[in-house]
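Subject: Structure handover and findings

Hello,

Here is the structure you are taking over. Please open it beside this email and follow along.

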Amino acid sequence: MALPEYKQAFLKDCVEAGALKFGTFTLKSKRISPYFFNAGLFHRADLLRSISSAYAHTLQAHGTADPSFHFDVLFGPAYKGIPLAAATVDKLASLDTQKYGKTSYSFNRKEAKTHGEGGNIVGASLAGRKIVIVDDVITAGTAIREAIDIIAKEGGELVGIVVAFDRLEKTPSATDDDGTPRPSAIGEVRKQYGIPVLAILTLDDVVEYLRGLGSEDDLRRLDEYREKYRASD
């Protein structure tokens, strides 16, 4: 199945920017991966436009598939999520001003402000609002749970999460290569909170992209890695 145009465009920009690389990479989990994704490289104006547009299209696509999906605020966890949330709000309004023109963004301070208006939140209030978290990836799930706790404390209702990339691989363990089925970190968050966790790209998308390019060696290595560490969710 052909990938949607926005996914193809984002994949192309990822490869050209070096945010998606193929080779041999040792991950924090000690797994040897045939690819590496680094959304932190999207700091240039044209690349920020690319990733924020892809986030916006991903949210719009999910809203089309599920008309009950509605949100008031995009929340960007400090620090990486801040520019992502702000830029994505702008791109959503460009896609559909009537539907998204009043959508706000918000983010947290790492340390509470003790003067002026005070508090931990900058931007829109979260109280009584429907919130979507925008972040780059979910690795262990620790950071995203901290963001979820902040939203709950502020009286917001979490209705979804959107990330740039989903590796679709099971969580690491002490016996990582024993073949035991385990869910992914994203799958665990999805199950625990009962909300959609969306991704611009998944490993399956990357495999399809490479298949179209005819990159046989990279494709073979990604297929092997995918089968070895495929999540059970």
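Below are the ground rules, then the findings by topic.

This is a predicted model, so local features are given only at pLDDT of at least 70 and side-chain atom pairs count only at pLDDT 80 or more, while totals for chains, interfaces and linings use all residues. Residues are numbered from 1 along each chain as its sequence is written, and side-chain values use heavy atoms, with hydrogens and water left out.

**Aromatic pairs**

The structure holds eight aromatic pairs. The criterion: rings of Phe, Tyr and Trp (its six-membered ring) pair if their centres lie within 6.5 Å; planes under 30 degrees apart are stacked, over 60 edge-to-face, and the rest tilted.

Take Tyr35 and Tyr225. Their ring centres are 6.2 Å apart and their planes stand at 90°, so this pair is edge-to-face. Tyr35 sits in strand E2 (residues 32-37) and Tyr225 in helix H8 (residues 216-229), so the pair ties together parts 190 residues apart in sequence. Helices (H or I, at least four residues) and strands (E, at least two) are DSSP runs, numbered from the N terminus. Both Tyr35 and Tyr225 are buried. Buried means under 20% relative accessible area, exposed means over 50%, and partly exposed is in between (1.4 Å probe, protein chains only).

Phe71 and Tyr100 form another pair. Their ring centres are 5.8 Å apart with planes at 25°, so they are stacked. Phe71 is in the loop between helix H2 (45-65) and strand E3 (73-76), and Tyr100 is in helix H4 (residues 97-100), so this pair ties together parts 29 residues apart in sequence. Phe71 and Tyr100 are buried too.

There is also a cluster. Ring pairs link Tyr35, Phe37, Phe165, Tyr225 and Tyr229.

**Helix H8**

H8 has 14 residues. From first C-alpha to last, H8 reaches 20 Å, close to the 20 Å expected at 1.5 Å a residue. The expected span is 1.5 Å times one less than the number of residues.

Which residues of H8 are buried? They are Leu219, Leu222, Tyr225, Arg226 and Tyr229. Viewed down the axis of H8, the buried residues fall within an arc of 130°, so they line one face of the helix. The arc is that of the directions from the helix axis to the C-beta atoms. On the other side of H8, Glu216 and Glu227 are exposed. The buried residues of H8 pack against strand E1 (20-26), E2 and helix H7 (203-213).

**Salt bridges**

A search of the whole structure finds 14 salt bridges. Each is a side-chain nitrogen of Lys or Arg within 4 Å of a carboxyl oxygen of Asp or Glu.

Arg226 has two partners to look at. With Asp204, the closest N and O atoms are 2.7 Å apart. Asp204 lies in helix H7 and Arg226 in helix H8, so this pair ties together parts 22 residues apart in sequence. With Asp223, the closest N and O atoms are 2.6 Å apart. Arg226 and Asp223 are three residues apart in helix H8, so about one helical turn separates them. Arg226 is buried, with a relative accessible area of 13%. Asp204 is partly exposed at 28%, and Asp223 is partly exposed at 23%.

Lys130 bridges to Glu157, with the closest N and O atoms 3.1 Å apart. Lys130 is in strand E6 (residues 130-134) and Glu157 in strand E7 (residues 157-166), 27 residues apart. Lys130 is partly exposed at 28% relative accessibility. Glu157 is partly exposed at 41%.

**Arg31**

Arg31 lies in the loop between E1 and E2. Buried or exposed? Arg31 is buried, with a relative accessible area of 2%. The Arg31 side chain reaches the backbone oxygen of Lys170 at 2.8 Å.

**Ala78**

Ala78 is in the loop between E3 and helix H3 (81-95). Ala78 is buried, with a relative accessible area of 14%. Leaving aside neighbours within four places in sequence, Ala78 is in contact (heavy atoms within 4.5 Å) with Asn108 and Lys110.

Best wishes

Note on methods:
Polar contact = N/O pair within 3.5 Å; in protein donor to acceptor, adjacent residues only side chain to side chain.
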